[in-house]
Amino acid sequence: MINQDYFINLAKEKTGKSIQTVAVAAPHDLATLESLRNAIDLGFVNVILVGNEELITNAAKEGNLDISDMKIVHADDLPDAAQKAVDQVREGKASLIMKGLLDTSVILKAVVKRENELRTGKTLSYVGILFKEGCEKYYLTSDGAMLISPTLEQKKEIIENSVEVAHALGLEKPNVAMICAKEKYYEKMSATVDATKLQRMNQDGEISGCVVSGPLQLDNAVDKHAVEIKGVKDLVAGNADILIVPAIETGNVLLKTAKYLGGWTFGGVVVGAKVPIVVCSRSDGEAAKLVSIAVGCMMSANK
């Protein structure tokens with residue numbers, strides 16, 4: 001069964017003795033510090049806190065939290081915290097980055113600066129990790145946070161970034177569902193056209209390490225009963241591991257509907273740079289942040 005401990009145990013198994021170090025930009029809130037405290041205590045990460053030292057220490061005192069084994073690098077403001085977190089990676093002191101109490105755009109602005117040398121030429125995309133206590137499986141979903149209306153080529157790279165996360169989690173050949181409003185090609189709906197092209201690219205070997213199928217409606221991607229009732233003949237139908245959405249609105253609504261109406265939890269990482277970037281909403285709790293850190297560590301160890 002899937003729960004928070006599933007990802008924690010997987011991170012400990014995958015990282016082994018290769019403990020990763022995360023540089024956290026603006027960890028000025030208790031939830032972030034608590035997740036980092038737990039990650040250290042569980043033995044799969046070391047931590048560098050990059051931000052306003054007074055705000056960090058005050059947040060720790062508020063929760064009576066011991067941060068004495070976390071290095072603090074003072075930053076004057078939020079852009080400075082983002083840059084100095086990136087500097088920890090450039091200097092070989094950290095192997096991944098985490099967003100604290102600042103806008104995602106601030107941390108990404110530092111990541112994409114040419115002089116910081118973290119770009120790879122690939123599209124940066126957000127991969128969400130969606131799970132619910134007691135369920136038999138979890139889902140990766142992309143992109144519900146960064147790319148507004150991705151092109152066909154960007155969708156290809158969104159798939160590749162998501163597959164990279166899946167491989168780090170131990171899914172050797174994940175099933176990728178291209179989510180659309182119809183499960184058949186329909187020329188007036190560009191999402192179905194792209195889905196068909198991407199499935200063909202996978203079959204031709206242009207997209208590897210996974211099985212891509214689409215177009216598929218969400219129910220046909222995740223629910224075997226719906227597949228049976230509708231008579232959908234597809235290898236991925238009912239067995240999807242990765243849900244690729246056609247646009248940011250779809251992905252954002254999917255994640256937040258699952259969280260606020262369905263009781264699921266989601267965290268996430270930004271993929272496509274030289275190192276993973278752990279990105280959680282500022283309103284996320286400790287569990288989402290801890291699982292996101294675990295996934296980021298597994299990705300870092302897998303590089």
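## Ground rules

The model is predicted, so to speak of local features takes pLDDT of at least 70 and side-chain atom pairs count only at pLDDT 80 or more, while totals for chains, interfaces and linings use all residues. Numbering starts from 1 along each chain as its sequence is written, and side-chain values use heavy atoms, with hydrogens and water left out.

Let's start with H3, residues 53-62, whose buried residues are Ile56, Ala59 and Ala60. They span an arc of only 100 degrees around the axis, which puts them on the same side of H3; the arc is taken from the directions from the helix axis to the C-beta atoms. An α-helix has 3.6 residues a turn, so residues three or four places apart point the same way. On the face turned away from the buried side sit the exposed residues Glu54, Lys61 and Glu62. Here buried is under 20% relative accessible area, exposed is over 50%, and partly exposed is in between, with a 1.4 Å probe and protein chains only. Helices (H or I, at least four residues) and strands (E, at least two) are DSSP runs, numbered from the N terminus.

What do the buried residues of H3 pack against? Their partners are helix H2 (30-42), strand S2 (45-51) and strand S3 (71-74), with contact meaning heavy atoms within 4.5 Å. At the N-terminal end, Asn52 caps H3, with a side-chain oxygen 3.0 Å from the backbone nitrogen of Glu54. Just after H3, Asn64 takes a positive phi of about 50 degrees.

## Ala85

Ala85 belongs to helix H4 (residues 78-90) and is buried, with a relative accessible area of 0%. Leaving aside residues up to four places away in sequence, Ala85 touches Ala23, Ala25, Val50 and Ile97.

## The two largest pockets

The largest pocket has a volume of about 340 Å³. Of its 16 lining residues, Thr104, Ala145, Val279, Cys280 and Ser281 lie nearest its centre. Helix H10 (248-260) and strand S10 (265-271) are the elements giving two or more residues to this lining, and H10 gives the most, with three. By class, the lining has eight nonpolar, four polar and four charged residues. For these classes, Ala, Val, Leu, Ile, Met, Phe, Trp, Tyr, Cys and Pro are nonpolar, Asp, Glu, Lys and Arg are charged, and the others, Gly among them, are polar.

Which residues line the second largest pocket? They are Leu130, Tyr139, Leu218, Val222, Leu243, Leu254, Ala258 and Trp264, around a volume of about 150 Å³. Helix H8 (218-222) and H10 each supply at least two of the lining residues.

## The enclosed space

A search of the whole structure turns up one cavity of 30 Å³ or more. Its lining includes Lys155, Met178, Ile179 and Cys180, and strand S7 (175-179) and helix H7 (190-203) are the elements giving two or more residues. By class the lining has eight nonpolar, no polar and one charged.

On a 1 Å grid over the protein atoms alone, a cavity is a set of points where a 1.4 Å probe fits but cannot get out; a pocket is an open set with protein on both sides within 12 Å along at least five of seven lines, and lining residues have an atom within 4 Å of a point. Points are joined across faces, edges and corners, and a volume is the space filled by probe spheres set on them.

Key. A polar contact is a pair of N or O atoms within 3.5 Å; within protein, one must be able to donate a hydrogen and the other to accept it, and residues adjacent in sequence count only if both atoms are side-chain atoms.
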